[in-house]
Amino acid sequence: MIDRYSRQTLFPGIGQEGQRKLGNSCVAIIGCGALGTIIATSLVRAGVGKVRIVDRDFIEYHNLQRQVLFNEEDIKAELPKAIAAERHLKKVNSSVEIEGVVSDVNYTNIEKLVAGADLILDGLDNMETRFLINDASLKHGIPWIYGGAISSYGMTMNIIPHETPCFRCLQASPISSGIALTCDTAGVISPAPFIIGSLQTTEAMKILVGAEEINRDLIIIDVWRGEFNHFKISHRADCPACRGEYQFLEARSGTRATSLCGQNAVQVLNPETNEISLERLAAHLGPLGEVNYNEFMLRFRVNNHEMVIFPDGRAIVKDTNDESLARGLYAKYIGM
Ligand SMILES: [Zn+2]
């Protein structure tokens, strides 16, 4: 084990003491796309003791351009990202406790998903969930590292609860920024998330070993232009989250159906469902259309529609952005 980490412990910022602290740490990585795969692979190789990887999606060919942990075999095996990441990384470092969690992140489960973590890392592709992470972070005093990348640029910021400004100090609400760019409309080149993910990993190491010189700015990069900028962010006096009002966490109505970024698909959630048997569902749907399934997901094709259903009752309806159509298909075939 000493050999494995020797190049890292030689670095004075880590040292033997820092390595011990990394080994005793637990991180939760929320979202395992381009950023998440970079962060997960770096932290597992670095010897962080426990790594929880949460993601709701399965892998598609257009992910392989930048999501470094995945390969064509994973797509053929129809593996969810969290499971593929867990399997690959266990082969990289068997001494790390790696837990892949296939789940949507919402107000009903975020606190459970980050429980026990010393640090939360953002690998998300949507704004709404970041506000949830921010609330959970401040409520439970768990630092988190914001990261986002699109086109040729990206940004990152450390949020240390009750110390640095929080994410709502930076941006008041999910819609107020007017930023409507998604991977779907703007595209993304891999160096942008690779660099942001690497900056997030570096800050994670610093926070976990207790380094004093952690970054307190918002960093924005543009890899195409070769630009790297720091911005000072201030506490916002009227920030609800900093005052202890966790409006996203305390939402009493979760989103039932949401269009997914860049996928021409709608996700349908059923918060009332805990666990469904895919085997039983396959028997039920078999006479109605084409069904195939494994232990992680069931794929159902009927009347030019395709749905993927997960054991937690969540479904993704493909080839549509129509949320009411998706809800209707869910109600018809899965039941609400
Ligand atoms: Zn704040």
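Q: Where does phenylalanine 58 lie?
A: In this predicted model, phenylalanine 58 sits in the loop between β2 (50–55) and α4.

Q: Is phenylalanine 58 buried or exposed, then?
A: Buried, with a relative accessible area of 7%.

Q: What is phenylalanine 58 in contact with, leaving aside its neighbours within four places in sequence?
A: Asn63, Leu79, Pro80 and Lys81 are on the list, and so are Met297, Arg299, Val308, Phe310, Ile316 and Lys318.

Q: And what separates its C-alpha atom from the one of asparagine 24?
A: There are 30 Å between the C-alpha atoms of phenylalanine 58 and asparagine 24, which are 34 residues apart along the chain.

Q: OK, zooming out. How many helices and strands does the chain have?
A: 12 helices and 14 strands. The radius of gyration is 20 Å, close to the 20 Å that the globule rule gives for 336 residues, so the chain is as compact as a globular protein of that length.

Q: What box do the C-alpha atoms fill?
A: Along the principal axes, roughly 65 × 50 × 40 Å.

Q: How many of the residues count as buried, as a percentage?
A: Of the 336 residues, 53%. As for the accessible surface, it comes to about 15400 Å², and 51% of that belongs to carbon and sulfur atoms.

Q: What about contacts between residues 24 or more positions apart?
A: Such pairs account for 65% of the chain's contacts with a separation of 6 or more.

Q: And charges: how many positive and negative side chains?
A: The chain has 33 positive and 40 negative ones, with the centres of the two sets 2 Å apart.

Q: Let's do strands. Is β5 mostly covered or mostly open?
A: Mostly covered: β5 spans residues 144–150, and six of its seven residues are buried.

Q: In which sense do β4 and β5 pair?
A: Parallel, over two bridges, with β4 covering residues 119–122. Leucine 121 is opposite isoleucine 145 of β5.

Q: Now β7. Which strands do bridges join it to?
A: One is β6 (residues 153–159), joined to β7 by four bridges and running antiparallel. Another is β8 (residues 227–231), where five bridges make the link, again antiparallel.

Q: Which residues are opposite each other there?
A: Methionine 155 has isoleucine 220 of β7 as its bridge partner, while isoleucine 219 stands opposite histidine 230 in β8.

Q: How many residues of β7 are buried?
A: Four of the five in β7 (residues 218–222).

Q: What happens in the hairpin of β7 and β8?
A: Four residues lie between the two strands, and glycine 226 takes a positive phi near 70°.

Q: Which residue other than glycine has a positive phi near 55°?
A: That's glutamate 78. For background, most residues other than glycine have a negative phi.

Q: Where is glutamate 78?
A: In the loop between α4 (72–76) and α5 (81–92). Glutamate 78 counts as partly exposed because its relative accessibility is 24%, and the cut-off for buried is under 20%.

Q: What about asparagine 303, what's its phi?
A: About 45°, a positive value although asparagine 303 is not a glycine. Asparagine 303 is placed in the loop between β12 (298–302) and β13 (305–309).

Q: Buried or exposed, for asparagine 303?
A: Exposed, at 57% relative accessibility; the cut-off there is over 50%.

Q: Switching to helices. Which helix is glutamate 86 found in?
A: Helix α5. Glutamate 86 has 17% relative accessibility, so it counts as buried.

Q: What is glutamate 86 in contact with, leaving aside its neighbours within four places in sequence?
A: Ile98, Glu99 and Gly100.

Q: Last one, isoleucine 196. Where does it lie?
A: Isoleucine 196 is in helix α10 (residues 191–209), and at 0% relative accessibility it counts as buried.

Q: Which residues is isoleucine 196 in contact with, beyond its neighbours within four places in sequence?
A: Leu35, Gly147, Gly148, Gly154, Met155, Thr156 and Ile221. Met155 is the methionine whose bridge partner in β7 is isoleucine 220.

Q: And what separates the C-alpha atoms of isoleucine 196 and valine 51?
A: A distance of 19 Å, for two residues 145 apart along the chain.

Methods. Residues numbered from 1 in each chain as written. Predicted model: local features only at pLDDT ≥ 70, side-chain atom pairs only at ≥ 80, totals over all residues. Heavy atoms only, no water. Rg over C-alpha atoms; globule rule 2.2 N^0.38 Å. Buried < 20%, exposed > 50% of the residue type's maximum accessible area, 1.4 Å probe, protein only. Contact = heavy atoms within 4.5 Å. Areas by Shrake-Rupley, 256 points an atom, 1.4 Å probe, with all protein chains shown as cover. Lys, Arg positive; Asp, Glu negative; His and termini not counted. Charge placed at Lys NZ, Arg CZ, Asp CG, Glu CD. Pairing = 2+ DSSP bridges.
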